[in-house]
Amino acid sequence: MTTRLNEVVLAYSGGLDTSVIVPWLRERYGCEVVCFTADVGQGVMELDGLEAKAKASGASQLVVKDLRDEFVEDYVFPCLRAGAIYERKYLLGTSMARPVIAKAMVDVAKEVGADAVAHGCTGKGNDQVRFELTFFALNPKLRVIAPWREWDITGREDAIEYAKRHSVPVPVTKKSIYSRDRNIWHLSHEGDVLEDPTNEPKKDMFMMSVDPEDAPNQPEYVEIDFVSGLPVAVNGKRLSPASLLDHLNEIGGKHGIGRVDMVENRLVGMKSRGVYETPGGTILFTAVRELESLTLDRETIQVKDSLALQYAELVYAGRWFDPLRVAMDGFMEKITATISGRVRLKLYKGSVTVAGLKSPNSLYRQDISSFENGDVYNQADAAGFIHLYGLPTRVRAMLEHGI
């Protein structure tokens, strides 16, 4: 027999799946359902009319929280500072959004006295792991319900029939041929023709960026100020984290910046193809990496880059609240303390290139790097350095030649 529950907080989007989950939870568990929607920058169109939809589906209430600034400041910026990129391409847009949403759901569950949380993720994807690991980390007492792993509904037609039987208004919006996830950092596209890696993405699929071929024929220059590895201003104007990212998304999208087409390894074992638009994020990653080259020494960059790979793996796998990621974040905060300065970038038809760097903490010295002799670097010293540095090579060669 199914254990009865008093109240469940459901991650709610207003689409067909989550609309059907509301009566299913009430029927199966005899509970009240509190729908929760997080504003992480997906756009006002996706938030319109949600309360009426939720209550028409049988929910007792809808809770909406604006998480945009929290998302950018506490999740996006730490990943930017760490240089976290999954499998050389993916800037972790969905991976970062899930823990901030799940954390807010735990908070709402406490506020309303719920004894369970639920999500509409399928059993094939990464998001089920990201949601549930956050629930486990923040409140292990909460019961977690994943309808797609329990119910008999197998597809859209089944869901529509279930909705009709339970008098749930079926969303009238046109069903997109793609599975999309949007937030203030990125927009992802999966499904349909993209499931065949031999197919080129259709031009009309993109929503955040113009085709680089159609971008302006004149380049645009943008200057970004950083303090301790984090952006604070664009073209001399200080902006809040969310406003700064919004502004760069607009500029980058106009020039076709930040399109990525990749086949990635999902956490659950399968490969999947996704196309991502991350215009502002691509600009920021390019800028901070260039500033690192000016302000960090070689060994520090090498260690940081190696840890960035593991950091990205943890975030992708939903382990945001894992003690290891938290500890690594402390290292990244410490190691990037000197990454302050201004980066000038050139945006042109899908490309981002550096056009100038300056920092009060610059390790670059023109008087040392110049081909002219100076007091600090004497070119004659190089001979002794090469002899000592190359000693293992010479000894091995002497052995091979019987010397």
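A search of the whole structure, which is a predicted model, turns up 23 salt bridges, each one a side-chain nitrogen of Lys or Arg within 4 Å of a carboxyl oxygen of Asp or Glu. Local features here need pLDDT of at least 70, side-chain atom pairs count only at pLDDT 80 or more, and totals for chains, interfaces and linings use all residues. Residues are numbered from 1 along each chain as its sequence is written, and side-chain values use heavy atoms, with hydrogens and water left out.

Arginine 130 bridges to aspartate 127, with the closest N and O atoms 2.8 Å apart. Both belong to helix α5 (residues 127–138), three residues apart, or about one turn of the helix; helices are DSSP runs of H or I with at least four residues, strands are runs of E with at least two, and both are numbered from the N terminus. Arginine 130 and aspartate 127 are both buried (under 20% relative accessible area; exposed is over 50% and partly exposed in between, with a 1.4 Å probe and protein chains only). The two also take part in a salt-bridge network that links Arg98, Asp127, Arg130 and Asp181.

Strand β8 supplies partners for two further bridges. Glutamate 220 pairs with lysine 254, the closest N and O atoms being 3.1 Å apart. Glutamate 220 lies in strand β8 (residues 220–227) and lysine 254 in helix α7 (residues 241–254), so this pair ties together parts 34 residues apart in sequence. Glutamate 220 is partly exposed, at 22% relative accessible area, and lysine 254 is partly exposed too, at 41%. Then there is glutamate 223, whose side chain meets that of arginine 344 in a salt bridge (4.0 Å, N to O). This one links distant parts of the chain: arginine 344 is in strand β13 (residues 341–348) and glutamate 223 in strand β8, 121 residues apart. Arginine 344 comes out as partly exposed at 33% relative accessible area, as does glutamate 223 at 25%.

As for the whole chain, 13 helices and 14 strands are found, and the C-alpha trace spans about 85 × 55 × 45 Å along its principal axes. Of the 403 residues, 46% are buried. Among contacts (heavy atoms within 4.5 Å) between residues at least 6 apart in sequence, 75% join residues at least 24 apart.
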